[in-house]
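Subject: Structure handover

Hello,

Please find the structure below, with the sequence alongside. My notes on what was found in it follow.

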Amino acid sequence: ERGQELHKIPLFNGSERNIRVNAASDIKYTVPNLKLKNLETKLEFSEPLIAPIKKGQEIAKLVIKNFKDQDIILSINAQQDYAEASLLTKLWRKLF
């Protein structure tokens with residue numbers, strides 16, 4: 001459903017430690033019951049993501065496998081800006 005948190009992706013050197021990945025819109029597909037048990041979803045992204053991240057920047061892909069014998073690939077974009085952490089914050093994180 002729209003706005004539902006799907007996953008948290010680690011963010012390196014960011015003002016926040018993780019990017020919350022939310023569905024930007026409802027994802028609706030009709031799937032026969034026989035194929036429902038074989039349906040797989042996977043969130044693919046390069047780790048680590050490095051700050052800064054701009055709103056709208058593609059950060060991941062949601063892959064739905066075994067759907068009508070072909071994969072569905074949806075782009076997942078940042079829903080907000082993620083700034084680079086300040087020098088003090090970076091030092092603090094290295095110490096603790």
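A nonpolar core, as the term is used here, is a set of buried Ala, Val, Leu, Ile, Met, Phe, Trp, Tyr and Cys residues joined through side-chain atoms within 4.5 Å. Please keep in mind that this is a predicted model.

The core

The largest nonpolar core has 13 residues. Leu11, Ile19, Leu49, Ile53, Ile59 and Ile76 are the ones with the most contacts inside this core. At least two residues of the core come from each of strand 1 (5-12), strand 2 (18-22) and strand 5 (58-67). Strand 5 contributes the most, with three residues. As background, nonpolar side chains in soluble globular proteins tend to be buried together.

Leaving aside residues up to four places away in sequence, Leu11 touches Glu16, Arg17, Asn18, Ile19, Leu49, Ile50, Ala51, Ile53 and Tyr82. Among these, Ile19, Leu49 and Ile53 are also listed with the most contacts inside the core.

Overall layout

The protein has two helices and six strands. Read from the N terminus, the order of elements is β-β-α-β-β-β-β-α. Of its 96 residues, 21% count as buried. The accessible surface is about 7200 Å², and carbon and sulfur atoms account for 50% of that area. Among contacts in the protein with a separation of 6 or more, 51% are between residues 24 or more positions apart.

Loops and backbone

Which peptide bonds to proline are cis? Pro48 sits in the loop between strand 3 (40-44) and strand 4 (49-50). Another cis peptide bond joins Ala51 and Pro52, with omega about 5°. Pro52 is found in the loop between strand 4 and strand 5. Ala51 has already come up as one of the residues that Leu11 touches.

Asn13 is also worth a look for its backbone. Asn13 is not a glycine, yet has a positive phi of about 60°. Its place is in the loop between strand 1 and strand 2. With a relative accessible area of 26%, Asn13 is partly exposed.

Salt bridges

- Arg20 is partly exposed, with a relative accessible area of 38%, and Glu16 is partly exposed at 26%. Glu16 is also among the residues touched by Leu11.
- Lys61 and Glu58 form a salt bridge through their side chains, with an N to O distance of 3.1 Å. The relative accessibility of Lys61 is 32%, so Lys61 counts as partly exposed. Glu58 is partly exposed too, with a relative accessible area of 42%.
- Asp71 and Lys65 are joined by a salt bridge at 3.8 Å, N to O. Asp71 counts as partly exposed at 38% relative accessibility, and Lys65 is partly exposed at 27%.

The aromatic pair and the surface patch

A pair of aromatic rings is described by the distance of the centres and the angle of the planes. The count in this model comes to one aromatic pair. Trp92 and Phe96 form this pair, with 4.5 Å from centre to centre and 45° between the planes.

Are Trp92 and Phe96 buried or exposed? Exposed means over 50% relative accessible area. Trp92 is at 54% relative accessibility, so Trp92 counts as exposed. Phe96 is at 66%, so Phe96 counts as exposed as well.

Trp92 lies in helix 2 (residues 87-95). Together, Trp92, Leu95 and Phe96 make a nonpolar surface patch of about 440 Å².

Regards

Definitions and conventions. Residues numbered from 1 in each chain as written. Predicted model: local features only at pLDDT ≥ 70, side-chain atom pairs only at ≥ 80, totals over all residues. Heavy atoms only, no water. Phe/Tyr/Trp six-rings, centres within 6.5 Å; stacked < 30°, edge-to-face > 60°. Buried < 20%, exposed > 50% of the residue type's maximum accessible area, 1.4 Å probe, protein only. Patch = residues over 30% accessible without salt bridge, like charges linked within 9 Å, V, L, I, M, F, W, Y side chains within 5 Å. Areas by Shrake-Rupley, 256 points an atom, 1.4 Å probe, with all protein chains shown as cover. Salt bridge = Lys/Arg side-chain N within 4 Å of Asp/Glu carboxyl O. Helix = DSSP H or I, 4+ residues; strand = E, 2+ residues; numbered from the N terminus. Contact = heavy atoms within 4.5 Å.
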